[in-house]
Amino acid sequence: MVTPAAKRKAVAHLMSHHEMSERRACKAIGFNLVNHKRLFRLYREEKLTVRKRGGRKRAIGTRAPMLVPIVANDRWSLDFVSDQFTEAMCGQR
């Protein structure tokens, strides 16, 4: 097992003596040196824009709880999925 310090030293050697880029030297010895923080820093230095992933969409405002009906026939609802399924089964449209 090779320590990270030894890998960094090997990458520096390949870069200086064999005129390799850092990415190619890392790939040659199987060492992945680029993480997301370094990548963002490099993009910033080159004045490139980094596309950030969108966050989770949240509901705007507060949701009112469904009111409990007080009297009969106070709230009506229709199950559209059941209605569609029943029509398809009966062959009606």
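Predicted model: local features only at pLDDT ≥ 70, side-chain atom pairs only at ≥ 80, totals over all residues.
1. Arg38 and Glu22 are joined by a salt bridge, in which the closest N and O atoms are 2.8 Å apart. Arg38 belongs to helix H3 and Glu22 to helix H2, so this pair ties together parts that are 16 residues apart in sequence. Arg38 counts as partly exposed, with 25% relative accessibility, and Glu22 also counts as partly exposed, with 27%.

2. How many salt bridges does a search of the whole structure find? The search finds 2. Besides the pair described above, Glu45 forms a salt bridge with Arg41, and here the closest N and O atoms are 2.8 Å apart. Glu45 and Arg41 are 4 residues apart in helix H3, which means that about one helical turn separates them. Glu45 has a relative accessibility of 49% and counts as partly exposed; Arg41, at 34%, counts as partly exposed as well.

3. The overall plan may now be set out. The protein contains 4 helices and 0 strands, and its elements run α-α-α-α from the N terminus on. Helix H1 spans residues 4–17, helix H2 spans 22–29 and helix H3 spans 36–45, while helix H4 spans 80–90.

4. The surface deserves a separate remark. Of the 93 residues in the protein, 5% are buried. A residue counts as buried when its relative accessible area is under 20%. The protein exposes about 9800 Å², and carbon and sulfur atoms supply 57% of that area.

5. Which residues line the largest pocket? They are Glu22, Arg23, Cys26, Phe31, Asn32, Leu33, Val34, Arg38, Leu39 and Leu42. The elements that give two or more residues to this lining are H2 and H3. The space in the largest pocket is about 190 Å³. Glu22 and Arg38, both in the lining, are the partners of the salt bridge described in the opening point.

6. A nonpolar patch on the surface is formed by Val34, Leu39, Tyr43 and Leu48, which together have about 320 Å² of accessible area. Where does Val34 lie? Val34 is in the loop between helix H2 and helix H3. Its relative accessibility is 40%, so Val34 counts as partly exposed. That value is above the 30% that a patch residue must exceed. Val34 and Leu39 are also among the residues that line the largest pocket.

7. Most residues other than glycine have a negative phi. Glu19, however, has a phi near 50°, a positive value in a residue other than glycine. Glu19 is placed in the loop between helix H1 and H2, and counts as exposed because its relative accessibility is 75%.

8. Is Asn73 buried or exposed? With a relative accessibility of 64%, Asn73 counts as exposed, since the class begins over 50%. Asn73 lies in the loop between H3 and helix H4.

Terms used
Residues numbered from 1 in each chain as written. Heavy atoms only, no water. Patch = residues over 30% accessible without salt bridge, like charges linked within 9 Å, V, L, I, M, F, W, Y side chains within 5 Å. Areas by Shrake-Rupley, 256 points an atom, 1.4 Å probe, with all protein chains shown as cover. Salt bridge = Lys/Arg side-chain N within 4 Å of Asp/Glu carboxyl O. Buried < 20%, exposed > 50% of the residue type's maximum accessible area, 1.4 Å probe, protein only. 1 Å grid on protein atoms, 1.4 Å probe; cavity = no way out; pocket = protein on both sides within 12 Å on 5 of 7 lines; lining within 4 Å. Points joined across faces, edges and corners; volume = space filled by probe spheres on them.
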